[in-house]
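The structure comes first, then the points by topic.

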Amino acid sequence: MSDPADPVTGLTWRQKEAVRESWGKLSSEWKTHGVEFFIRLFKTYPSILAYFKTFDGMDLDAIRSSSKLRAHMLNFKHGITSFVDNLDDVECLTVLIHKMTENHFRRQITVNEFQDAFTLFTTFIREVTQCDDVIIGAWKATLTVISTVIGDHMRTLQYCENSM
C-alpha cells in the first residue's frame, strides 16, 4: 500500500499517525514525564539551564519541585500538542512554529538548543514509552521538519534585526 509523503513536509501519513498516537500516550502522563524530561535536559545540557532565569540560584532538586517548571513543561506540552494536531495543516503548523520561534529568539535561544532538546526528546520517548524504531523514526522526521522551520525563521529574524 502506498504511503505518499506530504509535498511540503515530506512526512507520510503513517509517520504522522505514529507521532499522533505516541504523543497521545505520552502527553496523558506529561505532568510526571514533563518534569523528568526537563530535569534530564538540564543535566544533559547544563548550558540550556542558563536560559531559564526563573531558576537562577536553584539546584535541580528545587527546580524539580518548582511550580515554575511545572508551568513551563505544561506550556511545552501545549506547544507540542498544537504541532502534532496540525501536522496535516502545514500553513497553520508553520505559523505556530514561527510564534514559538519568535518567543525563544527574544531570549537568544538558537536552533542548536532546539536540536539538542529534540535529540534528547527522542531518546526520552523511546525510554518512557518503549516504542519501536518506526515511531522514533517518525518523531525524528517530524522534529527535523520543525527544526528546519525554526532555523529558517531564526535566520529571517536575525536578518531583520541586523537590517534595522
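The lining of the largest pocket divides into 17 nonpolar, seven polar and five charged residues; Ala, Val, Leu, Ile, Met, Phe, Trp, Tyr, Cys and Pro count as nonpolar, Asp, Glu, Lys and Arg as charged, and the others, Gly among them, as polar. The model is predicted: local features need pLDDT of at least 70 and side-chain atom pairs count only at pLDDT 80 or more, while totals for chains, interfaces and linings use all residues. Residues are numbered from 1 along each chain as its sequence is written, and side-chain values use heavy atoms, with hydrogens and water left out.

**Largest pocket**

- The largest pocket has a volume of about 840 Å³; a pocket is an open set of points on a 1 Å grid over the protein atoms alone, with protein on both sides within 12 Å along at least five of seven lines, and lining residues have an atom within 4 Å of a point.
- Grid points are joined across faces, edges and corners, and a volume is the space filled by probe spheres set on the points.
- Of the 29 lining residues, His 72, Phe 76, Met 100, Asn 103 and His 104 are the closest to the centre of the largest pocket.
- H2, H5, helix H6 (90–105) and H7 each supply at least two residues of this lining; helices (H or I, at least four residues) are DSSP runs numbered from the N terminus.
- H5 provides the largest share of the pocket lining, nine residues.

**Largest cavity**

- One cavity of 30 Å³ or more is found in a search of the whole structure; a cavity is a set of grid points where a 1.4 Å probe fits but cannot get out.
- The volume of the largest cavity is about 30 Å³.
- Its lining consists of Ile 80, Phe 83, Val 84, Trp 139, Thr 142, Leu 143 and Ile 146, which divide into six nonpolar, one polar and no charged.
- Helix H5 (67–85) and helix H8 (133–163) each supply at least two residues of the cavity lining, and H8 gives the most, with four.

**Aromatic pairs**

- The whole structure holds 20 aromatic pairs; rings of Phe, Tyr and Trp (its six-membered ring) pair if their centres lie within 6.5 Å, and planes over 60 degrees apart count as edge-to-face.
- Phe 37 and Phe 121 form an edge-to-face pair, 5.4 Å centre to centre with 85° between the planes.
- This pair links distant parts of the chain, with Phe 37 in helix H2 (residues 30–44) and Phe 121 in helix H7 (residues 111–129), 84 residues apart.
- Phe 37 is buried at a relative accessible area of 1%, and Phe 121 also counts as buried at 1%; buried means under 20% relative accessible area (1.4 Å probe, protein chains only).
- Phe 38 and Phe 52 form another edge-to-face pair, 6.4 Å centre to centre with 75° between the planes.
- Here Phe 38 lies in helix H2 and Phe 52 in the loop between helix H3 (46–49) and helix H4 (60–64), 14 residues apart; both are buried.
- One aromatic cluster includes Trp 23, Trp 30, Phe 37, Phe 38, Phe 52, Phe 121 and Trp 139.

**Glu 21**

- Glu 21 is found in helix H1 (residues 13–27).
- The relative accessible area of Glu 21 is 49%, so the residue is partly exposed, a class that runs between the buried cut-off of 20% and the exposed cut-off of 50%.

**Annotated span**

- The UniProt annotation "domain: Globin", from an unreviewed entry, covers residues 10–155; such annotations may be inferred rather than shown by experiment.
- The span is 79% helix and 0% strand, and its end C-alpha atoms lie 22 Å apart; strands (E) are DSSP runs of at least two residues.

How values were computed. Phe/Tyr/Trp six-rings, centres within 6.5 Å; stacked < 30°, edge-to-face > 60°.
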